[in-house]
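This report describes a single protein chain for a reader who has the model at hand. Please consult the sequence and the structure together while reading.

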Amino acid sequence: MVVMAVGMAAIAVTGCASTQTGRATPADPVSTPYQVPTNDAANITLPPRPRDVPLTGVAPCTLLTEAQQAILAVGKGVPGPAAQLENNSPTCDFPFADHTPGAEYSIAVDTTTGIQLYLDPSLAVQLRQVTVNGFPALDITLRPPDLLQGCTTAVSVANGQMFTVNLGQPARG
C-alpha cells in the first residue's frame, strides 16, 4: 500500500500551477471596504477515496523511490522540521539536485488529521479541489507567515489521515 502512496506523492507535486489573466488596478480606498478573503471551502465536497492507504508508522523519507527522486531531480530526503499542524507531523525534505536555494519538496505524513483541516477559511487562503490517482486532494495556498508557503497539495489517504507535498519557493526564479 505504501507503493500507492509513493505514486500519489509523485503526482501530487505536479498539481499547483495556475495562471490568471487580467489587469491589476488599485481599489479606491475610501469606497471599497475591506473584505475577509474566502477560500471557497463552502463549494468543496470531497469525494470518497477508492480505498484506504493508512500511513501509520510510515516515515515520510520513504515515500519517494530513488527512481522518482531522479525523475523529480531531487537529492536524498532528509528529515525536516515538523509540519505546522497541531500534531507536529513528521516531514522529509527532498532538495533539488542542482542546489537551487529554497527549492525543495517537503512531504509531511499526518496520521491524526484529515484534509478537512484545510477547509477552515482561517487557515487556507485559496483551495482548489483536485484528485491524485483517484484520491481526493486539495491544492492549497496557506496564510502567511506559514512556513509551507509555495505550492501545497494535501491528499486524503484514510479516515483522519493525509500526506501533504509542498514545493518550497526557490530564492531565485
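In which strand does Ser106 lie? Ser106 belongs to strand β3, which spans residues 104–110. Strands here are DSSP runs of E with at least two residues, and helices are runs of H or I with at least four, both numbered from the N terminus.

## Basis of the model

The model is predicted, so that local features need a pLDDT of at least 70 and side-chain atom pairs count only at pLDDT 80 or more, whereas totals for chains, interfaces and linings use all residues. Residues are numbered from 1 along each chain as its sequence is written, and side-chain values use heavy atoms, with hydrogens and water left out.

The predictor's confidence in each residue is expressed as pLDDT, from 0 to 100. Its mean over the protein chain is 76, and 68% of the residues reach 70 or more. Confidence is lowest in helix α1 (residues 2–12), with a mean of 53, and highest in α2, with 93. Over residues 17–37 the pLDDT falls below 50, and this stretch has three contacts in the model beyond near neighbours in sequence. A contact means heavy atoms within 4.5 Å.

## Overall architecture

The protein chain contains two helices and seven strands. Along the sequence they follow the pattern α-α-β-β-β-β-β-β-β. Of the contacts between residues at least 6 apart in sequence, 56% join residues at least 24 apart.

Buried residues account for 39% of the 173 residues in the protein chain. The term buried denotes under 20% relative accessible area, exposed denotes over 50%, and partly exposed covers the range in between (1.4 Å probe, protein chains only). The accessible surface of the protein chain is about 9800 Å², and carbon and sulfur atoms contribute 57% of it. These areas come from the Shrake-Rupley method with a 1.4 Å probe; for residues, only the protein chains shown count as cover.

Ser106 counts as buried because its relative accessibility is 9%. Its side chain forms a polar contact of 2.9 Å with the side chain of Asp93. A polar contact is a pair of N or O atoms within 3.5 Å; within protein, one must be able to donate a hydrogen and the other to accept it, and residues adjacent in sequence count only if both atoms are side-chain atoms.

With residues up to four places away in sequence not counted, Ser106 touches Thr91, Cys92, Asp93, Thr164, Val165 and Asn166.

## Strand pairing around β5

Strand β5 (residues 135–142) is mostly covered, with seven of its eight residues buried. Strand β4 (residues 124–132) runs antiparallel to β5, and eight bridges join the two; two strands pair if DSSP finds at least two bridges between them. Thr131 stands opposite Pro136 in β5. Strand β6 (residues 151–158) is also antiparallel to β5 and is joined to it by four bridges. Leu138 has Ala154 in β6 as its bridge partner.

A hairpin is formed by β4 and β5, with two residues between them. Asn133, in the loop between these strands, has a positive phi near 50° although it is a residue other than glycine. Asn133 is partly exposed because its relative accessible area is 39%.

## Nonpolar cores

Which residues of the largest nonpolar core touch the most other members? Of its 20 residues, these are Leu55, Phe94, Tyr105, Ile107, Val155, Val157 and Phe163. At least two residues of this core come from each of β2 (91–95), β3, β4, β5, β6 and β7 (161–167). The largest share, three residues, is supplied by β3. Another core, of eleven residues, lies apart from it and includes Ala41, Ile140, Leu142 and Met162.

A nonpolar core is a set of buried Ala, Val, Leu, Ile, Met, Phe, Trp, Tyr and Cys residues joined through side-chain atoms within 4.5 Å. In soluble globular proteins, nonpolar side chains tend to be buried together.

## The loop between α2 and β1

Gly75 lies in the loop between α2 (66–72) and β1 (78–80). Gly75 is partly exposed because its relative accessibility is 22%. Gly75 and Ala97 are 22 residues apart in sequence, yet their C-alpha atoms are 5.1 Å apart in space. Not counting residues up to four places away in sequence, Gly75 touches Gln69, Phe94, Pro95, Phe96 and Ala97.

Ala73 is also placed in the loop between α2 and β1. Ala73 has a positive phi of about 60° although it is not a glycine. With a relative accessible area of 40%, Ala73 is partly exposed.
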